[in-house]
Amino acid sequence: MDVTNSVLSGLFCALIVFWTRRFLDTQKRIPLWDKRLNLFWGLFGILVGLATAFKSELPVVLLWICSIPTLSYTAWLLRDLQPARTLFQGLLPYVFVIVNAKIVEAVAPGFYKRHDDIFDLVSSVMTVWLAASFIFASRQKKEWARIEAERAEEAERRRLDEVRKAELEHLVAERTAEISRQKEELEQTLAELKATQDQLVQREKLASLGELTAGIAHEIQNPLNFVNNFSEVSAELVKELIDERQRGPERDEGLEAELLDDLTQNLQKIAHHGHRASGIIRSMLQHSRASTGQREAVDINALADEYLKLSYHGLRAKDKTFNAKFEALTDPAVGTVSVIPQDIGRVLLNLYNNAFYATQQRVKQGTPGYQPTVTVLTERVGDRVRIRVRDNGLGMPDSVRQKIFQPFFTTKPTGEGTGLGLSLSYDIITKGHGGTLTVDSQEGEGTEFVVELPN
């Protein structure tokens, strides 16, 4: 082989190294080693120059020999890359055959000439093998590129997921802080609402006490008038008795006995009306003080009748022009029931006040021939006691009746009601006494509240 062919062979060797670098993208995958591969071109220039100067093929053979470890080490660095493994499976046998052919040609040119056809055949086979390896490696490279693109896309997706996760965690932290702040605000608002509710409940109790006091002022006046009148009459009877006794032998013992009998009856009536006044005051005190929660055996009929009168006179104290018929139809079989007197008194007073208010409003409508009437009925039904409070007032539509026991719901004008009366009454009966409180109403005809208490 002449020097020209040797130089061309060395150039081919250098091109293989160069093409391998480009094919495997060593500049990106192994940048440090790629810089050293660039030195191969300097080595190529030196060896080709020596081959030309000394007209020897030995420098080119050395170039081919240098390419073997270079390509082998490159393959080892890229051992995880499938196209690199395939390519070097084709390159290394080709380089090995070419190097050995060059060595034989340089060392034993006569032997090489006699068997050049064999060397050419083997070189051709290795060239085909190299071409096949290149084609297969190219396909693998495309597939590998697709896989790497998918991996890069997956990595980018994971990165974006991490970014979104971090953003979500930040948003969650902000939202949590916001929710915590809102929770604190709601707790504060709830505490304020509870305080307001307690104030409204107390206001409702005070309003109830005020209405009760107005009724008591009128109701207590009657027994006090009787006490005063009978006291004056009794004083006159005592004076007559003294005068009669001072007459000496002429005194009339029959008249004295009659005067003593009248005086005894007067004292009994004074005691009766005094007890009546005392009972009214006691009821007021029970109504005004906080509930102890202690149950007592209470005469329901007497309680219902007493609060009915107090409610009516309380309304009359505010509106002197209002007159209504009211009656208590009580069942003697009801007897005593174990209840909390203050609470049941508040319930009855509230129901009566609402009943009289409904009839008062209907009076203001000027219905011809209308007679306002409020009736309370008591009865024993099995092991339960039923109290009915009935009026012939305005009545309620279904929309109002369904909300009547809701807290703060009222049909009265602003300032005339808190909307807690029936709500508190409902809780007292259902939760405090295990009973029921229901309502039946026809608009324009009247309303009936029914309280049922376990005996």
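How many aromatic pairs does the structure hold? The structure holds six aromatic pairs, and some of them are described below.

## About the model

This is a predicted model, in which local features need pLDDT of at least 70, side-chain atom pairs count only at pLDDT 80 or more, and totals for chains, interfaces and linings use all residues. Residues are numbered from 1 along each chain as its sequence is written, and side-chain values use heavy atoms, with hydrogens and water left out.

## Aromatic rings

A pair of aromatic rings is described by the distance of the centres and the angle of the planes. Here, rings of Phe, Tyr and Trp (its six-membered ring) pair if their centres lie within 6.5 Å; planes under 30 degrees apart count as stacked, over 60 as edge-to-face and the rest as tilted. The centres of the Y312 and F356 rings are 5.4 Å apart and the planes make 50 degrees, so this pair is tilted. It links distant parts of the chain, with Y312 in helix α11 and F356 in helix α12, 44 residues apart. Helices (H or I, at least four residues) and strands (E, at least two) are DSSP runs, numbered from the N terminus.

Both Y312 and F356 are buried, that is, under 20% relative accessible area, where exposed is over 50% and partly exposed lies in between (1.4 Å probe, protein chains only). F356 also pairs with F326, edge-to-face, at 6.2 Å centre to centre and 85 degrees between the planes. What is the relative accessibility of F326? At 26%, F326 counts as partly exposed, while F356 has a relative accessible area of 1% and is buried. Y312, F322, F326 and F356 form one aromatic cluster.

## Nonpolar cores

A nonpolar core is a set of buried Ala, Val, Leu, Ile, Met, Phe, Trp, Tyr and Cys residues joined through side-chain atoms within 4.5 Å. The largest one has 39 residues, and L348, Y352 and F356 have the most contacts inside it. Among the elements that give two or more residues to this core are α11 (300–318), α12 (341–364) and β5 (384–391). Apart from it lies another core, of 31 residues, F23, F44, A75 and L91 among them.

Leaving aside residues up to four places away in sequence, L348 touches L303, A304, Y307 and I387; contact means heavy atoms within 4.5 Å.

## The sheet

Five strands make an open sheet in the order β2-β4-β5-β7-β6, with mixed pairing. Two strands pair if DSSP finds at least two bridges between them. Because β2 and β6 stand at the edges with a single partner strand each, one side of each has no neighbour in the sheet. Neighbouring strands are turned by 15 degrees against each other on average, direction ignored.

β6 and β7 run antiparallel and are joined by seven bridges; L437 has V451 in β7 as its bridge partner. Helix α14 lies across β6 and β7, at about 135 degrees to β6. Axes are lines fitted to C-alpha atoms, for helices over the stretch in contact, and angles run from 0 to 180 degrees between N-to-C directions.

## Two more residues

T373 lies in strand β4 and, at 19% relative accessibility, counts as buried. Not counting residues up to four places away in sequence, T373 touches K325, T359, R390, D391 and N392.

V125 belongs to helix α8 (residues 116–219) and is partly exposed, with a relative accessible area of 43%. V125 and Y94 are 31 residues apart in sequence and 8.8 Å apart in space, C-alpha to C-alpha.
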